[in-house]
Amino acid sequence: METLPATRGERQATNKVMRYCLRCCYPENAQPTIIFDEEGVCSGCRLLESRPTINWEERGRWLKDLLKEYKAKARAANNPYDCIIPVSGGKDSTYQVYLMKKVYGMNPLLATYNHLFNTKVGLRNLENMVKQFSCDLIRFSSNPDSVRKIARYMLEKVGDVTWHYHAGIMTFPIQMAVKYKIPLMIWGEEGFSELTGMFNQDDMVEFTKKKRQEHDMRGFEPEDLINDAECPLDRKDLAPFFYPSDEEIEQLGLRGIYLSNYLSWNGKQHAEKMIKEYDFETARDRDRTFNIYDKVDDIHANGVHDYLKYLKFGYGRATDDASTEIRHARMTREEGIDMVVKHDPARPRDLDLLLEFVGITETQFEGLVEHLRDGRIWEKNPKTGKWRTKDNIGNHRNDPGVDKHRLPIKEKGHFIVNSKNKLADPHILEGGGYNYL
């Protein structure tokens, strides 16, 4: 079998050195930590498998009671907003706003962080969300010079050019919750549980500063960066990323809940409801995945950001999306592997845009992340000096136990295209640059 093409076109090794889930497509080095049980099935698959045992009707009542409590608190405090929702131009935040406004009768304040790497699709979805659900929106826009400095620094530090985006959406809404005295924050799915099963359904995990710092902030708070003599960033660059003090959080009684703890979460079904009923806009096609619903608001989320994950750990967004489809019984493992083989190694078209923005070459780009390559999956050819993977999911189609853990297909997954973009991919923008505002 021919293996995945390596970076810069080099053939890869065919040794079976990596363990892959026997049900989905995840490797054992998936991030954050994934656990394989004694049968060779990963913790993310087991989480989805457990969902039919959950009493969702009871949890739905918990959610209704919780929202009723915070609606009464807002009314008693003469606060026009009874919850705050961090939003982007994506499918999940659109669905969250729909639930709060149309299903539960809440009056949320929407808060968004403008990371500058906007697609026109994402901006249209954000505007459409405000119009469709008649919500107030507050937005912070970082300046291009600060974003450039942060992207370059974090690329070298942790291999992430979108650190500021995650830091912003996980911090600015909390700043606004404190400012406007809104003690309830609504998140959609708990993403790490959905992907790798980091938490189970009984944990009822909620948003915390620690969880944000360890995973979304890559372990860094802005105070850490300012105190680093080698860091070129200053307080102005990092303004939207300073978390409110413990005293402010405690005084407000801020609580951040994940709706996926209370409702059986199915992102694809939710997206299609938003497409059909509220004109949510999708992508047309993509370089690095087949999923045209997710991450449509950020040029680099499905491009360079995900490519960096591949360069570090040897897998990417297609692995995430294929595994989700397999777990929901909409795709066979073999079909998923085909998608991974096709998309995970692909060089994204938006890479050139990022390189120009931060002022480096592609060789420099790859050199900056070289120290972050996972030696369990990557090796450097001593003769050519180029990197290649030691193994890939394509070598594991017929591993012992695959048939035992196969799920019967319930429905064939397909994706509805609803795009007003003139070009095939909204991440390659009309005009060739970023939409800053």
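Biologist: Take Arg-148. What is its relative accessibility, and does it count as buried, partly exposed or exposed?

Modeller: First, the ground rules. This is a predicted model, in which local features need pLDDT of at least 70 and side-chain atom pairs count only at pLDDT 80 or more, while totals for chains, interfaces and linings use all residues. Residues are numbered from 1 along each chain as its sequence is written, and side-chain values use heavy atoms, with hydrogens and water left out.

Now your residue. Arg-148 has 28% relative accessibility and counts as partly exposed. The classes are buried under 20% relative accessible area, exposed over 50% and partly exposed in between, with a 1.4 Å probe and protein chains only.

Arg-148 has a charged partner. Its side chain meets that of Asp-145 in a salt bridge, 3.0 Å from N to O. The term needs a side-chain nitrogen of Lys or Arg within 4 Å of a carboxyl oxygen of Asp or Glu. Asp-145 and Arg-148 are about one helical turn apart, because they sit 3 residues from each other in helix H5 (residues 144-158). Helices (H or I, at least four residues) and strands (E, at least two) are DSSP runs, numbered from the N terminus.

Lys-268 lies over the face of Phe-415, with 5.2 Å to the ring centre.

Back to charge pairs. The structure holds 38 salt bridges. One of them joins Arg-61 to Glu-57, with the closest N and O atoms 3.6 Å apart. Both residues lie in helix H2 (residues 56-76), 4 residues apart, about one turn of the helix. Arg-61 is partly exposed at 44%. Glu-57 is exposed at 60%. Another salt bridge pairs Arg-376 with Asp-374, where the closest N and O atoms are 2.8 Å apart. Arg-376 is partly exposed at 45%, whereas Asp-374 is buried at 10%. Shared partners also join Arg-23, Asp-37, Glu-39, Arg-46, Glu-49 and Lys-404 into one salt-bridge network.

Next, ring against ring. A pair of aromatic rings is described by the distance of the centres and the angle of the planes. Rings of Phe, Tyr and Trp (its six-membered ring) pair if their centres lie within 6.5 Å; planes under 30 degrees apart count as stacked, over 60 as edge-to-face and the rest as tilted. The count by this rule is 14 aromatic pairs. Phe-140 and Phe-172 form a tilted one, 5.7 Å centre to centre with 50° between the planes. Phe-140 belongs to strand E3 (residues 136-141) and Phe-172 to helix H7 (residues 172-179), so this pair ties together parts 32 residues apart in sequence. Phe-140 is partly exposed at 27%; Phe-172 is buried at 4%. Tyr-293 and Phe-415 make an edge-to-face pair, because their centres are 4.9 Å apart and their planes stand at 65°. This pair links distant parts of the chain: Tyr-293 is in the loop between helix H12 (267-278) and helix H13 (304-313), Phe-415 in the segment after strand E7 (387-389), 122 residues apart. Tyr-293 is buried at 1%. Ring pairs also link Tyr-95, Tyr-98, Phe-133, Trp-265 and Tyr-278 into a cluster.

Stay with the loop that holds Tyr-293. Asn-291 is in the loop between H12 and H13 as well. Asn-291 is buried at 8%. A polar atom of its side chain lies 2.8 Å from the backbone nitrogen of Tyr-293. The backbone nitrogen of Asp-294 lies 3.3 Å from a polar atom of the Asn-291 side chain. A polar contact is a pair of N or O atoms within 3.5 Å; within protein, one must be able to donate a hydrogen and the other to accept it, and residues adjacent in sequence count only if both atoms are side-chain atoms. Leaving out residues up to four places away in sequence, Asn-291 touches Arg-286, Asp-321 and Phe-415. Contact means heavy atoms within 4.5 Å.

Last, Thr-94. Thr-94 is found in helix H3 (residues 91-103) and is buried at 5%. Its side chain reaches the backbone oxygen of Gly-90 at 2.8 Å. Beyond four places in sequence, Thr-94 touches Met-129, Phe-133, Met-274 and Phe-280. Phe-133 is also one of the rings in the cluster.

Definitions and conventions: A charge sits over a ring if NZ of Lys or CZ of Arg is within 6 Å of the ring centre and within 35 degrees of the ring normal.
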